[in-house]
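Student: Could we go through this structure together, with each label set against its definition?
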Amino acid sequence: MVVVTVATLAVAAAASLFMAWSIGAGSSGSTPFAPAVGANAISVMRAGLVVGVLGLLGAVLQGANVTEAVGTELIGGVTLTAGAAIVALVTAAVLVAIGVFAGYPIATAFTVTGAVVGVGLAMGGDPAWPKYAEILTLWVLTPFVGGGVAYGVARTLIGDALPERLLTAGLAGVVGAIVANVGFAVLGPEGEQASIASALGPGLGVGAGVGIGTVTLAVAALVALAVYADLGRDREGAQRRFLLAMGGLVAFSAGGSQVGLAIGPLVPIFSDVGVPLWALLVGGGAGLLAGSWTGAPRMIKALAQDYASMGPRRSISALIPSFAIAQIAVAFGIPVSFNEIIVSAIVGAGYAAGDAGVSRAKMGYTVFAWIASLVGSLVLGFGVYSAVQFVL
């Protein structure tokens, strides 16, 4: 009996690592630096290497919220078994891997969510309608908000209404304000996260709310001033550095969001045998890193070149809303598709300069793949688990 249990857990862990590799190759590993590659700010291979390391850090420092949501909040009335986790992870990973090798960015969050819900329903679980409402709201709003903000920022940067140097520095300040309020595991008490602002603000002696606001404004001002000074010395070089910094932030956020899709189904079964969540996060992050290093370059090229022609300003415009949406998803524990976030932002920024080479056909196929991956993974998860249970 013990041997069977250990073997089952080993298979579940292998399925999770396969899922993590697929995510690293096709979502968290390919999307963050795609705009930077499209703007010729970094090479494809170097982008794959850097995003892997940053994704690992994001997984460990920010991955708990989404991981717990995927593992325990998508279905009610039942707890995922090892067999159910294996079916869900393998189903989702196969679909994502097909997308990687076909050159189409399958939405990982859609496939994992669909597969987990499918096997959960097959187990006799109840739909978690409130959580589904949160998830679907973010999924539906993401293309419009992300693409719309990217379009607006790019149009402003391209136009002459405001000085480009001042506007870019102001955008950097907004990013700094977001960073000051991002939660990190190392700043909070055990089992919780805290931001730079919430960790330092109360210590200023002016009240918690005022202190947090003060730290936020201070970080925003420092970042804005640094970027403003850098632009004055070397405009093109400063744009590239800002773009790479944004790619790094998005890569970090991708790790924090996407690792939960790989290891979330393992939480119920491994917690019963005493495996801590941080160990699962490290393992999932390592899988993301491996996928980024070995499989991401193909998808980076597809995203960077096939959807729209991107210069530094349009790339910056795409990454700012992508970072903000990703952090909102992490904070609320909502599984979100980075492919959906980045592709929508790239297309929005591309349209800011006419159509800037936006491929409508490619976009149409991608949207179809997103919808098909959600429906297909749900049906396959339900069907495969039901068939396995029938045979056994």
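**Labels and their cut-offs**

Student: Why is R233 called exposed?

Tutor: R233 has a relative accessibility of 64%, and exposed means over 50% relative accessible area, buried under 20% and partly exposed in between, with a 1.4 Å probe and protein chains only, so R233 counts as exposed. This is a predicted model, in which local features need pLDDT of at least 70 and side-chain atom pairs count only at pLDDT 80 or more, while totals for chains, interfaces and linings use all residues. Residues are numbered from 1 along each chain as its sequence is written, and side-chain values use heavy atoms, with hydrogens and water left out.

Student: What makes D230 buried or exposed?

Tutor: The relative accessible area of D230 is 14%, which falls under the 20% limit, and therefore D230 is buried.

Student: How do you know that D230 forms a salt bridge with R233?

Tutor: The closest N and O atoms of D230 and R233 are 3.5 Å apart, and a salt bridge is a side-chain nitrogen of Lys or Arg within 4 Å of a carboxyl oxygen of Asp or Glu, so the pair qualifies.

Student: Why are D230 and R233 separated by about one helical turn?

Tutor: They are separated in that way because they lie 3 residues apart in helix 10 (residues 208–233), where a helix is a DSSP run of H or I with at least four residues, numbered from the N terminus. Salt bridges with shared partners join D230, R233, D234 and R241 into one network.

Methods: Helices (H or I, at least four residues) and strands (E, at least two) are DSSP runs, numbered from the N terminus.
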